[in-house]
Amino acid sequence: GALTGRVTIARYGDEGPRRVTIELGEPLYHTAVQAHDHGQTLRALGTLAKEGARYSLQTPRDVTVEDE
C-alpha cells in the first residue's frame, strides 16, 4: 500500500489551541516533516472529528506550507 505518516498540528480557534492529528500519504507527509524542520506553518482543510479527548482531521485536502 501507499506510505503514510501521522503528524500532529496545532489548531487555533475561539477556544484556544488544540492538537489535531492528520494522516498524510507521501509526498505530503515528507512535506509536513520538512515544514516542521524549517519552522514553517502547515495548513490543511478537512473534516475535524473528535475521537474521545482527541481531534483528527479527516479527508485532508489543500495541504500547503506557508512561511511565517
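Okay, some ground rules. We're looking at a predicted model, where local features need pLDDT of at least 70, side-chain atom pairs count only at pLDDT 80 or more, and totals for chains, interfaces and linings use all residues. Residues are numbered from 1 along each chain as its sequence is written, and side-chain values use heavy atoms, with hydrogens and water left out.

Let's start with the empty space. Rolling a probe the size of a water molecule over the atoms shows where empty space is left. A pocket here is found on a 1 Å grid over the protein atoms alone: an open set of points where a 1.4 Å probe fits, with protein on both sides within 12 Å along at least five of seven lines, and lining residues have an atom within 4 Å of a point. Volumes are the space filled by probe spheres set on the points, with grid points joined across faces, edges and corners.

So how much space lies in the largest pocket? About 550 Å³. It has 23 lining residues, and the closest to its centre are I9, A10, T41, L42 and R43. The elements giving two or more residues to that lining are β1 (4-13), β2 (16-25), α1 and β3 (41-51). Strand β3 gives the largest share, seven residues. By class, this lining has 15 nonpolar, six polar and two charged residues. For the classes, Ala, Val, Leu, Ile, Met, Phe, Trp, Tyr, Cys and Pro count as nonpolar, Asp, Glu, Lys and Arg as charged, and the others, Gly among them, as polar.

Now the second largest pocket, with about 250 Å³ of space. Lining it are 15 residues, and R6, T21, E51, Y55 and S56 are the closest to the centre. Two or more residues come from each of β1, β2 and β4 (54-66), with β4 giving the largest share, seven. Here the lining splits into five nonpolar, five polar and five charged residues.

Let's stay with S56 for a moment, which sits in strand β4. Is S56 buried or exposed? Buried, because its relative accessible area is 5%, and buried means under 20%, exposed over 50%, partly exposed in between, using a 1.4 Å probe and protein chains only. Its side chain makes a polar contact with the side chain of E51, at 3.0 Å. That term means a pair of N or O atoms within 3.5 Å; within protein, one must be able to donate a hydrogen and the other to accept it, and residues adjacent in sequence count only if both atoms are side-chain atoms. Leaving out residues up to four places away in sequence, S56 touches V20, T21, T47, L48, A49 and E51, where contact means heavy atoms within 4.5 Å.

On to how β4 pairs up. Two strands pair if DSSP finds at least two bridges between them. Strands β2 and β4 run parallel and are joined by three bridges, and I22 stands opposite L57 in β4. Strands β3 and β4 run antiparallel, with nine bridges.

Most residues other than glycine have a negative phi, and most peptide bonds are trans. In strand β4, T59 has a positive phi near 45° without being a glycine. D62, also in β4, is another non-glycine with a positive phi, about 50°. T59 counts as exposed because its relative accessibility is 58%, and D62 counts as exposed at 54%. Then there's the peptide bond from E26 to P27, which is cis, with omega near 5°. P27 lies in the loop between β2 and α1.

Last stop, helix α1, residues 28-37, where you'll find V33. With 31% relative accessibility, V33 counts as partly exposed. V33 and V7 are 26 residues apart in sequence, and their C-alpha atoms are 8.2 Å apart in space.

That's the tour, thanks.

Definitions and conventions:
Helix = DSSP H or I, 4+ residues; strand = E, 2+ residues; numbered from the N terminus.
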